[in-house]
Amino acid sequence: MSRRFTVTSLPPTGPAGTSDSESHRHSAADLRRLSGEDAKGDGNPKESSPFINSTDTEKGKEYDGKNMALFEEEMDTSPMVSSLLSGLANYTNLPQGSREHEEAENNEGGKKKPVQAPRMGTFMGVYLPCLQNIFGVILFLRLTWVVGIAGIMESFCMVFICCSCTMLTAISMSAIATNGVVPAGGSYYMISRSLGPEFGGAVGLCFYLGTTFAGAMYILGTIEILLAYLFPAMAIFKAEDASGEAAAMLNNMRVYGTCVLTCMATVVFVGVKYVNKFALVFLGCVILSILAIYAGVIKSAFDPPNFPICLLGNRTLSRHGFDVCAKLAWEGNETVTTRLWGLFCSSRFLNATCDEYFTRNNVTEIQGIPGAASGLIKENLWSSYLTKGVIVERRGMPSVGLADGAPVDMDHPYVFSDMTSYFTLLVGIYFPSVTGIMAGSNRSGDLRDAQKSIPTGTILAIATTSAVYISSVVLFGACIEGVVLRDKFGEAVNGNLVVGTLAWPSPWVIVIGSFFSTCGAGLQSLTGAPRLLQAISRDGIVPFLQVFGHGKANGEPTWALLLTACICEIGILIASLDEVAPILSMFFLMCYMFVNLACAVQTLLRTPNWRPRFRYYHWTLSFLGMSLCLALMFICSWYYALVAMLIAGLIYKYIEYRGAEKEWGDGIRGLSLSAARYALLRLEEGPPHTKNWRPQLLVLVRVDQDQNVVHPQLLSLTSQLKAGKGLTIVGSVLEGTFLDNHPQAQRAEESIRRLMEAEKVKGFCQVVISSNLRDGVSHLIQSGGLGGLQHNTVLVGWPRNWRQKEDHQTWRNFIELVRETTAGHLALLVTKNVSMFPGNPERFSEGSIDVWWIVHDGGMLMLLPFLLRHHKVWRKCKMRIFTVAQMDDNSIQMKKDLTTFLYHLRITAEVEVVEMHESDISAYTYEKTLVMEQRSQILKQMHLTKNEREREIQSITDESRGSIRRKNPANTRLRLNVPEETAGDSEEKPEEEVQLIHDQSAPSCPSSSPSPGEEPAREGEADPEKVHLTWTKDKSVAEKNKGPSPVSSEGIKDFFNMKPNQSNVRRMHTAVRLNEVIVKKSRDAKLVLLNMPGPPRNRNGDENYMEFLEVLTEHLDRVMLVRGGGREVITIYS
């Protein structure tokens, strides 16, 4: 018959006659004293504890609370979320991975001035600036001529193609602009950070040249309005005959254009703030002019304006040299010749010799503006392309022609065509009228909510301007006579601006409004272009441009303004608006093409950082927009397109040759992950940028004796995580020698490959043969991958049977794995209960993925649910993020900051801040720690056999389970014993839970009172300080036969007098409290992700570390413990 005895640790000795209740009070007081800073513990100083590494007294005090003691050793590298949130939400304390972004790399330590909070909304910040930049000189000076030459049908197609191009570009731009915070730099910033410094520099300089030539075009439009319609007498160069008028006009444009350019550059240099203040005034002029046109169209339907035009036969006559549209006039009873007669005849007499065509044809007068109700639209439907020097003729008018080849006298007052026209030329001239769509993105820093305002404002502005242009094409063709539309400078209508003749109440509204709008647009171009060049220069990607990054003390780009003025002067010297427009069309089209390319590349690569808030985009739309831009470049002018591409190519090669030592996380670098040798050499240059970071997985699996993978669910989880694509290496270790086990390794590789194919995991397989599992796993971690294509994350299963393994080698291997990943700056994912994880065919129709963000880990906890929810298994699971607020934290502000941070990350999740106030350490925690340490101490002092040790643990487990179940029924759940993946685990055994006796009567334990109907505790369990150990007669006899007992009387005495290590109590308190909160909030979650505390640096506490993790994850079905790799993996930037 076996004998059982109970070893009881005595409570602190009190005065004689102390009652049981008083003893309990002493015990509770002792527990509180042990949890305080002045506790003696085991007599070791705090710094010598296995979990304490910092010798900085002040830093130790900062994290001296009990609630987060489990994480305090790594607080210097992984700060608490509560201390980091405010800075993350407001960009004032960005982590290193974000600080390596943009300006920090060029910042030489100068302090930035505080930036005022942006106030501009969608209407004022995006919509109106886009309207101002899109509406411009072409609308007022050339659109009527384009409609007259191309006809309504072809003009409609032209406008539709150009507007479709800008709309598709705006969709792509909206996706890029809402994929994070876009600082100053606008379109150049978006292209360079998406496609890399080479493309960014080349396209950025092309965009700069386009903006500069746009300034020249606006200045030429200003001079044309000034000299042709406002003050013709101001012309310096006068033509001696009609054939010299064009040359004289060009010279006047050059002289006055240079003067106006000088004045505008001076204004920009001296007072750029005034340019911005008058921007709304210039915009008001544009809107007023457009409204005047629509008002004139409405009025023309019932009261057309009186603008007669004179025709000789079917030829249109210029009104400059005569007033009466007739050959002869009656004065009294006498017939006299008119001034028109004198222009075609040798004298004013009736018998004078006249031009043959003048003699044969009659002079007629028709209305130039018949009105919208005249039915004129049918006549203007089709095109009437002209060659240079051809007279503008009206179709359908009777005319007696001359012999073929008869010369036309250029001095006669006809309206001549000044250039040869064709469809592609008209496209090049018209396209600048739809540019300016990036005005909103250029102001992203001034917007209250850029991610909402830029797409909405830009697309609405393009829709508005497209509607105006399309309606204008139809209305111009319906209201204005065809010969007047083809009269570019309005010579047939007394030199009036053609579109002005349609306006109400007066043509001067259009003339003056268009003059001021072109002046404003020119000033805006001269303001924006130097800043764009300055941004390119300060990036340092084009070395010879670095001098233009300097400016005045207030940051104004002085040298860049000077270069801009010089380049703009080139456009002024060309002097023809029709020649300058196709040049800037090339540069803008190239810029738009690469914006579409950037969006298409990012979408097709599916990089984890590609999370635009603007959802209405698709790579096919971006590809269509890119193709349309490329087609329009060659449609406008094939030789200009080749020159523009040659310039961009030379800049690209120059930047590549000189070494663009910038890493902006561009899509081209992401694409190089799947390229061959050249891309691998590029990846070797340095680590990837935060935006390109994705989990490159090394999955450690175990194979059985038949070389089959024991837990295929790990590969299912791998495929679900690979929405971020990237590298996957599935590794396994076989014990033995390579010569003996090579066939087994080949079979294991084949088995793993088959499983990878079945689970649709694209990657590589690597089986290592080593003398022991520990070294094999270490070799895999160190040597996996090739060059820059290396793993950065290790995925492994939790060693479920770590308590039962002989020599404790299982959990020692696991802890060394954790240490090696930390030393190698690798992220670590540990799955607990991996057999309960869903396979790829399964679907969750509801539920949540819960993230418990305790300490900052570089963003891994944010990124993993985002990647999982890309897979159809987890797609319908919502994401919830919990963080912990302590006593000194403002939980309301923490929730606001976390919500703001998630908004900038473009991640949708529910946010909850859990308050965990300081509380006394419960007797439950104290006893759990005590038994943990006693068990460890017993196993160290008693060299028991394997079977004896299992029986010892089983007896403790049985007693503890019964006690815990009676004392704490609320936390008692049915645990499923699910086999787990373990590194080096060679056999499966049922899990044994070592639980602790719960103090039924301790007042500090919240669940100590028994529930109704609970059986009373046995007599031996009345004292909360009792620890039950089981000893059998057989074991005693065996020990006597073995010889002297290894447990000395001094050891038994030390065992009786043990007190738990203070640090272990505090860490157990953290694990228990966190587990209670997590189980309460996330009991029904489909997956729980939480920070994994680091292992002890002093190896004496390794077995306690495993116990802490067990307690932390109790009663949870699917758990993933996550450790960051020591770098940022997610960013708010684009």
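1. In this predicted model, 10 strands form an open sheet of mixed pairing, and their order across the sheet is β8-β7-β6-β9-β10-β15-β14-β11-β12-β13. The edges are taken by β8 (764–770) and β13 (910–915), each of which has a single partner strand, so one side of each is left without a neighbour in the sheet. Direction ignored, neighbouring strands of this sheet are turned by 20° against each other on average.

2. Within the sheet, strand β6 (residues 697–700) pairs with strand β7 (residues 728–735) in the parallel sense, over 4 bridges. In this part of the sheet V699 stands opposite V730 of β7.

3. Two helices can be described against the sheet. Helix α27 (residues 713–721) lies across β6, β7, β9 (793–797), β10 (827–832) and β15 (1119–1123), and runs at about 170° to β6. Helix α32 (residues 891–904) also packs on the sheet, where it touches β11 (848–853), β12 (878–885) and β13, and the direction of α32 makes about 150° with that of β13.

4. The largest nonpolar core has 160 residues, and the residues with the most contacts inside this core are M217, Y430, F431, Y469 and I480. Helix α9 (residues 197–230) gives the most to this core, contributing 20 residues. For Y469, if residues up to four places away in sequence are not counted, the residues touched are I134, F135, G136, L139, L143, V159, Y430, S433 and V434. Apart from this core lies another, of 63 residues, which includes W693, W853, L861 and Y1133. As a general background to both descriptions, nonpolar side chains tend to be buried together in soluble globular proteins.

5. Helix α31 (residues 860–868) is mostly covered, since 9 of its 9 residues are buried. The buried residues of α31 are M860, L861, M862, L863, L864, P865, F866, L867 and L868, and among these L861 is also listed in the core of 63 residues.

6. V203 is found in helix α9 and is buried, with a relative accessible area of 1%. When its neighbours within four places in sequence are left aside, V203 is in contact with I191, M590, C591 and F594. The C-alpha atoms of V203 and I651 are separated by 8.8 Å, although the two residues are 448 residues apart along the chain.

7. What is its relative accessible area? N596 is buried, with a value of 0%, and its side chain reaches the backbone oxygen of Y592 at 2.9 Å. Leaving aside neighbours within four places in sequence, N596 is in contact with L168, T169, S172, S622, G625, M626 and C629.

8. Side chains of opposite charge can pair when their charged atoms come close. Because they are 4 residues apart in helix α14 (residues 356–360), E356 and R360 are separated by about one helical turn. E356 is partly exposed, with a relative accessible area of 41%, and R360 likewise counts as partly exposed, at 42%.

9. E481 lies in the loop between α17 (450–479) and α18 (482–485), whereas R394 lies in the loop between β5 (363–367) and α15 (423–430), so the pair ties together parts that are 87 residues apart in sequence. E481 is buried, with a relative accessible area of 4%, and R394 is buried as well, at 15%.

10. D418 is partly exposed, with a relative accessible area of 36%, whereas K488 is buried, with a relative accessible area of 6%. Salt bridges that share partners join R142, E224, D418, K488 and D578 into one network.

Definitions and conventions:
Residues numbered from 1 in each chain as written. Predicted model: local features only at pLDDT ≥ 70, side-chain atom pairs only at ≥ 80, totals over all residues. Heavy atoms only, no water. Buried < 20%, exposed > 50% of the residue type's maximum accessible area, 1.4 Å probe, protein only. Salt bridge = Lys/Arg side-chain N within 4 Å of Asp/Glu carboxyl O. Pairing = 2+ DSSP bridges. Axes fitted to C-alpha atoms, helices over the stretch in contact; angles between N-to-C directions. Contact = heavy atoms within 4.5 Å. Core = buried A, V, L, I, M, F, W, Y, C linked by side-chain atoms within 4.5 Å. Polar contact = N/O pair within 3.5 Å; in protein donor to acceptor, adjacent residues only side chain to side chain.
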